Amino acid sequence: MQNSIALEVKNLEVLYGEKHVVHNVSMKFPANKITAMIGASGSGKSTLLRSLNRMNDDLATVHGEINFHDLNINQPKVNVYRIRQQIGMVFQQPTPFPLSIYENVIYGLRLAGVKDRQILDQRVEESLRQAALWDEVKDQLKESALALSGGQQQRLCIARTLAVQPEIILMDEPTSALDPVSTSQIEETLVQLKEKFTIIMVTHNMQQASRSADWTAFMHQGNLIEFNQTADVFMNPREQQTADYLSGKFG
Ligand SMILES: Nc1ncnc2c1ncn2[C@@H]1O[C@H](COP(=O)(O)OP(=O)(O)OP(=O)(O)O)[C@@H](O)[C@H]1O
């Protein structure tokens with residue numbers, strides 16, 4: 001998988017009604033890496049991210065190709081449910097369901113009709129371990145997920161996404177609602193996760209992008225201005241707009 005491409009977008013355009021918010025973006029997301037999407041508020045990062053697993057279907061018009069395993073998933077006939085199993089999403093606010101920790105993790109598996117208790121138990125442990133939450137919750141799996149702290153809830157949401165065994169995980173500012181300790185726990189988790197998964201993350205936190213991401217994409221007013229290895233983007237940006245944004249001249 002090393003050096004391979006997990007997902008490619010070609011000439012992507014996204015419009016909300018008449019409002020054109022992503023302009024002709026083409027890029028390739030490397031497999032088993034963390035890619036950070038950075039840029040000022042309103043630059044189209046979340047819109048682009050949500051298009052990658054067709055979360056914008058009801059809100060926006062998306063033109064262009066999103067190629068995943070040689071299939072352009074931005075086509076009407078594609079099974080969107082299956083795509084979202086393979087390309088999962090973690091949101092900004094932790095969104096646990098008012099169910100037990102165990103039931104939260106297997107939520108997607110239940111929807112997919114998995115009933116075998118052994119498989120479910122195994123997937124719960126594996127996903128919670130991958131999300132670095134197992135040791136903290138292994139003795140309270142039947143208790144409500146709502147009793148967990150915000151940081152634990154977010155790691156639970158990551159475990160819930162992992163339980164359906166996706167290839168790609170989209171994350172929309174996954175730590176912006178969390179304190180610094182929970183943030184650094186999640187960042188450490190992400191670094192472990194990239195061994196098995198490809199991560200594409202929107203973040204406003206420049207330190208987070210420079211600490212965690214292998215690749216960084218800078219967006220401005222719906223355009224992809226620069227996409228390169230993170231160290232190059234931060235230390236030696238090719239474009240003046242990137243340099244200006246990173247030095248705080250706008251945004
Ligand atoms: N559902 C929607 N309907 C109409 N316009 C929208 C919708 N969602 C976002 N927009 C608009 O699209 C543009 C891009 O928004 P988007 O949320 O993708 O930017 P962003 O870079 O992720 O911003 P932020 O960092 O603040 O989350 C903005 O002008 C926003 O107001």
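Student: Why does Q221 count as partly exposed?

Tutor: Q221 has 14 C-beta neighbours inside 10 Å. A residue is buried with 20 or more other C-beta atoms within 10 Å of its own, exposed with 12 or fewer, and partly exposed in between, the C-beta atoms being placed from the backbone. The value of 14 falls in between, so Q221 is partly exposed. This is a predicted model, in which local features need pLDDT of at least 70 and side-chain atom pairs count only at pLDDT 80 or more, while totals for chains, interfaces and linings use all residues. Residues are numbered from 1 along each chain as its sequence is written.

Student: Where is Q221 placed, and what marks its phi?

Tutor: Q221 sits in the loop between strand 9 (215-220) and strand 10 (223-229). Helices (H or I, at least four residues) and strands (E, at least two) are DSSP runs, numbered from the N terminus. Phi of Q221 is near 50°, a positive value in a residue other than glycine.

Student: What makes D70 count as exposed?

Tutor: D70 has 6 C-beta neighbours inside 10 Å, and therefore counts as exposed. D70 belongs to the loop between strand 4 (61-68) and strand 5 (71-72). Its phi, near 65°, is likewise positive in a residue other than glycine.

Student: How do you know that L109 is buried?

Tutor: L109, in helix 4 (residues 107-111), has 21 C-beta neighbours inside 10 Å and therefore counts as buried. Leaving aside neighbours within four places in sequence, L109 is in contact (C-beta atoms, placed from the backbone, within 7 Å) with V114, L120, R123, A163 and V164.

Student: Why is helix 5 called oblique to helix 7?

Tutor: The axes of helix 5 (residues 117-130) and helix 7 (residues 150-163) come within 8 Å and cross at roughly 130°. That angle makes the pair oblique. Angles under 35 degrees count as roughly parallel, over 145 as roughly antiparallel, 65 to 115 as roughly perpendicular and the rest as oblique. The contact joins R123, S127, L128 and Q130 of helix 5 to A159, L162 and A163 of helix 7. By class, this contact has four nonpolar, two polar and one charged residues. Ala, Val, Leu, Ile, Met, Phe, Trp, Tyr, Cys and Pro count as nonpolar, Asp, Glu, Lys and Arg as charged, and the others, Gly among them, as polar.

Student: What makes helix 7 and helix 8 roughly parallel to each other?

Tutor: Helix 7 and helix 8 (residues 180-193) pack at an angle of about 20°, with their axes 9 Å apart. They are therefore roughly parallel. G150, G151, Q154, R155 and I158 of helix 7 meet S182, Q185, I186 and T189 of helix 8. The residues of this contact divide into two nonpolar, six polar and one charged.

Student: How many residues surround the ligand, and which helix gives the largest share of the shell?

Tutor: The ligand is surrounded by 13 residues, the closest being Y16, S41, K45, S46 and T47. Strand 2 (19-30) and helix 1 (45-51) are the elements that give two or more residues to this shell. The largest share, three residues, comes from helix 1. By class, the shell holds four nonpolar, seven polar and two charged residues.

Terms used. Axes fitted to C-alpha atoms, helices over the stretch in contact; angles between N-to-C directions. Contact = placed C-beta atoms within 7 Å. Near = placed C-beta within 6 Å.
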